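Hi,

Here is the structure I promised to pass on. Please open it and keep it beside you while you read my notes.

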Amino acid sequence: DPVTFQGTRLDYSFKDVPGQWDRIWVNEGSVNNVFNYAIVKNAYIGIQAETLPFEPNTAISSNKLILNNCEIHNSSAVGLMATNFIIESENTLITNCGQYNFLVTGGGRYIFNHATIANYWPDGVRQTPAVHAQNYYQDINGNIQVRNIDSLNFKNSIIYGNIDNEFTTEIIAPGTLNYAIYYSLLKTTSGLSGNVGNNIQNPGNTSIFADYTIHNYRLAWNSPAQNAGVASSVFFDRDGVTRN
């Protein structure tokens with residue numbers, strides 16, 4: 001059974017009100033934080049993982065945030081935010097955030113297998129993509145710090161939503177940003193280059209999910225993502241159904 005992080009107002013009218021509490025904030029005080037079957041909903045930022053923000057010249061952390069079969073939903077700002085960290089994730093669902101579902105600033109390593117990152121934010125106009133990665137950030141002194149994003153990897157994943165460009169990157173030299181996207185479905189106007197292959201990009205006016213309006217992100221029966229993945233180390237989906 002899942003463990004749920006949410007606000008204290010449990011009455012029905014607050015069921016899907018974003019921004020009811022602040023965030024889960026992971027810094028350098030603990031090692032390799034693991035979330036299994038966690039539901040994080042209705043926060044300002046769902047989970048923020050970063051090196052200590054008061055150290056201007058901090059290096060990329062050796063610590064990991066590990067997300068297994070987790071869901072981050074309905075954050076008023078950002079679902080998952082990372083700066084100079086390592087995130088490894090399987091069977092993650094990040095949906096409906098006011099700004100970004102997944103935001104990377106600075107450096108780090110980020111590996112997602114079987115992730116659904118979908119943004120149909122219902123509470124106003126959204127102009128920011130579901131996934132954005134930039135290899136720089138502003139430190140506590142107001143200076144721009146540039147780092148390397150060594151890996152931003154998605155496999156068997158979906159990055160989608162209701163605006164035209166749901167995946168963007170921004171790079172400042174001399175830092176680098178290395179991404180790899182395989183066997184995934186993306187909605188983006190960005191020209192993907194480098195380590196990409198067997199993806200479905202901009203499938204057009206077609207159903208991807210069973211019914212995102214009621215938070216059902218299982219694949220529609222005619223979804224182009226059906227059987228479009230590749231065998232991996234993830235043998236079951238979030239419902240416990242075997243991935244063949």
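First, a term: two strands pair if DSSP finds at least two bridges between them. Note too that this is a predicted model.

**Strand E10**

Start with strand E10, residues 131-134. E10 has a partner in strand E9 (residues 100-119), and the two run parallel. Four bridges join them.

Now look at the side chains. In a regular strand they alternate between the two faces of the sheet. In E10, Val131 and Ala133 point one way. His132 and Gln134 point the other way. All four residues are buried.

**The pockets**

The largest pocket has a volume of about 1100 Å³. Its lining counts 37 residues. Nearest its centre lie His114, Thr116, Leu219, Asp237 and Arg243. Strand E8 (78-95), E9 and strand E21 (216-219) each give at least two lining residues. E21 supplies the largest share, with four. By class, this lining has 15 nonpolar, 16 polar and six charged residues.

The second largest pocket holds about 300 Å³ of space. It is lined by 15 residues, and Asp16, His73, Asn96, Thr213 and His215 are the closest to its centre. Strands E4 (38-41) and E7 (71-73) each contribute two or more residues to this lining. Its classes are five nonpolar, five polar and five charged.

Best wishes

Technical notes: Residues are numbered from 1 along each chain as its sequence is written. This is a predicted model: local features need pLDDT of at least 70, side-chain atom pairs count only at pLDDT 80 or more; totals for chains, interfaces and linings use all residues. Side-chain values use heavy atoms; hydrogens and water are left out. Buried means under 20% relative accessible area, exposed over 50%, partly exposed in between (1.4 Å probe, protein chains only). On a 1 Å grid over the protein atoms alone, a cavity is a set of points where a 1.4 Å probe fits but cannot get out, and a pocket is an open set with protein on both sides within 12 Å along at least five of seven lines; lining residues have an atom within 4 Å of a point. Grid points are joined across faces, edges and corners, and a volume is the space filled by probe spheres set on the points. Ala, Val, Leu, Ile, Met, Phe, Trp, Tyr, Cys and Pro count as nonpolar, Asp, Glu, Lys and Arg as charged, and the others, Gly among them, as polar.
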